Amino acid sequence: MRYRPALLALVLGFALTGLAACSLLFEGDDPLNPFGSPPEMDLDSLQTCAQIDQALQAEAGFVQACGEDADCGLVLPQTSCGCTRNLVARLGVDTTRFYTLLERGQALECNLEIGGPSTCDCPPADGFVCVDGQCQWNYLTDTVPDLTQPTP
């Protein structure tokens with residue numbers, strides 16, 4: 001009978017140590033989800049176009065996050081007027097909240113700037129690439145216009 005309290009203390013010590021190790025594992029980067037969690041937001045509290053635009057930008061950054069080219073490949077329809085100008089997201093990511101925000105912004109007639117301006121063209125592309133941690137189209141030519149620069 002003397003050994004039971006000692007055994008109980010030993011088992012309890014291992015259990016607590018194991019819990020501490022588990023909490024350390026999940027405090028930092030989750031190896032099962034290297035892209036982190038979606039941005040925290042209360043969709044019901046987003047009432048203005050500025051709030052929706054900010055939330056949509058954050059959500060777009062999350063769904064487009066990548067580590068390598070193979071992560072990319074989910075085309076996000078309705079994000080541009082040009083077929084290969086639509087945004088590209090990570091394969092397998094849940095885009096429900098992204099489209100909820102997009103629809104809410106459209107219902108309020110917000111001028112949302114997702115993906116930036118578009119020339120409504122369809123430049124040739126060969127799949128997708130991960131550039132600076134964001135999924136994009138892999139355009140075939142160097143003649144794709146830089147839409148961030150004014151046209152001459």
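This is a predicted model: local features need pLDDT of at least 70, side-chain atom pairs count only at pLDDT 80 or more; totals for chains, interfaces and linings use all residues.
Asn86 is placed in the loop that runs between strand S1, spanning residues 72–76, and strand S2, spanning residues 87–90. With a relative accessibility of 11%, Asn86 falls under the 20% limit and therefore counts as buried. Although Asn86 and Leu76 are ten residues apart in sequence, their C-alpha atoms are 5.9 Å apart in space. When residues up to four places away in sequence are set aside, the contacts of Asn86 comprise Val75, Leu76, Pro77, Gln78, Thr79, Ser80 and Trp137.

One of these contacts, Gln78, likewise lies in the loop between S1 and S2. The backbone of Gln78 has a phi near 75°, which is a positive value in a residue other than glycine. Gln78 has a relative accessibility of 57%, and because values over 50% are classed as exposed, this residue counts as exposed.

Glu109 is located in the loop between helix H3, which covers residues 96–107, and strand S3, which covers residues 125–131. At 72% relative accessibility, Glu109 counts as exposed.

Key:
Residues are numbered from 1 along each chain as its sequence is written. Side-chain values use heavy atoms; hydrogens and water are left out. Helices (H or I, at least four residues) and strands (E, at least two) are DSSP runs, numbered from the N terminus. Buried means under 20% relative accessible area, exposed over 50%, partly exposed in between (1.4 Å probe, protein chains only). Contact means heavy atoms within 4.5 Å.
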